[in-house]
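Good morning, and thank you for making time for this presentation.

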Amino acid sequence: MIAAINKNLQRGIKLLEAINDEQYSDTSIPPYYSSIGANMRHILDVFVCIFKGLDKKCVDFSDRERNQLAEQKTEFGIVYFKEVIEQLYCLETEDFDIIISVTDDLGTGKVTANYTLGSALIQAHSHAIHHFASIGFIINQLGIELPDADFGYNPTTSKKELVR
């Protein structure tokens, strides 16, 4: 699980290494006017919520860091990615079965449910892929090349063969 999450998060680092701060923080693309940086920061905030709540086994996805520097500057975004990846590799396989209480605001107020740590990490990973797809739209509109062909694709999504 950790290797798969790391592989996907490395795609984010690869993108940040290929763009400048202006592209990273550009909020000119409709309909949401969200930047690549805002999406990247949000992706990582979800993972950080998990790590913050591990000691008490209480994770609150609505209590996010919202690190503005990681949202605006590629250098800080890369550091944020690396911190999350480092924390992932501190986990042991047997940790995935730990029961944690997970809270989030689903739109009508906060709701809490029991997850395993593994299920929370799977959710965070799927969430990252979803946001990478949104970032892919922004990248396209800004005329930036995708960092690789799998950026923003869920592994279960069928892809047509590229025509050359």
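Let me begin with a question: which residues in α1 and α3 meet? Before I answer, please bear in mind that this is a predicted model.

On the α1 side, the residues are I5, L9, G12, L15 and L16. Their partners in α3 are I36, M40, I43, L44 and F47. By class, this contact of α1 with α3 comprises nine nonpolar residues, one polar residue and no charged ones.

Now to the geometry of that pair. The axes of α1 and α3 cross at roughly 150° and come within 12 Å. An angle over 145 degrees counts as roughly antiparallel, and α1 and α3 are therefore roughly antiparallel to each other. The crossing in which α1 passes α3 is left-handed.

I turn next to helix α6, which spans residues 117–142. Helix α1, residues 2–18, packs with α6 at an angle of about 25°, and their axes are 11 Å apart. The cut-off for roughly parallel is under 35 degrees, and α1 and α6 are therefore roughly parallel to each other. The crossing of α1 and α6 is left-handed.

Which residues does α1 bring to α6? They are I2, A4, I5, N8, R11, G12 and L15. The contact of α1 with α6 divides by class into 10 nonpolar, three polar and one charged residues.

The remaining helix pair to present is α3 with α6. Here the packing angle is about 175°, and the axes are 9 Å apart. That angle makes α3 roughly antiparallel to α6. In this contact there are 16 nonpolar residues, six polar residues and no charged residues.

How many aromatic pairs does the structure hold? There is one. Its members are F132 and F151, whose ring centres are 4.5 Å apart and whose planes lie at 15°, so the pair is stacked. F132 is in helix α6, whereas F151 is in the segment after α6, 19 residues away, and the pair thus links distant parts of the chain. Are these two residues buried or exposed? F132 is buried, at a relative accessible area of 0%. F151 is buried as well, with a value of 3%.

I shall close with the backbone, beginning with a general point. Most peptide bonds are trans, and most residues other than glycine have a negative phi.

The peptide bond from P30 to P31 is cis, with omega near 10°. P31 is placed in the loop between α2 (21–25) and α3 (36–53). Y33 also lies in the loop between α2 and α3, and Y33 has a positive phi, near 55°, without being a glycine. Y33 is partly exposed, with a relative accessible area of 47%.

The other positive phi I wish to mention is at K57, at about 60°, again in a residue that is not a glycine. K57 is found in the loop between α3 and β1 (58–60). Its relative accessible area is 42%, and K57 is partly exposed.

Thank you for your attention.

Key: Residues numbered from 1 in each chain as written. Predicted model: local features only at pLDDT ≥ 70, side-chain atom pairs only at ≥ 80, totals over all residues. Heavy atoms only, no water. Axes fitted to C-alpha atoms, helices over the stretch in contact; angles between N-to-C directions. Helix = DSSP H or I, 4+ residues; strand = E, 2+ residues; numbered from the N terminus. Parallel < 35°, antiparallel > 145°, perpendicular 65-115°, else oblique. Left-handed = near helix turned anticlockwise from the far one by under 90°. Contact = heavy atoms within 4.5 Å. Nonpolar A, V, L, I, M, F, W, Y, C, P; charged D, E, K, R; others polar. Phe/Tyr/Trp six-rings, centres within 6.5 Å; stacked < 30°, edge-to-face > 60°. Buried < 20%, exposed > 50% of the residue type's maximum accessible area, 1.4 Å probe, protein only.
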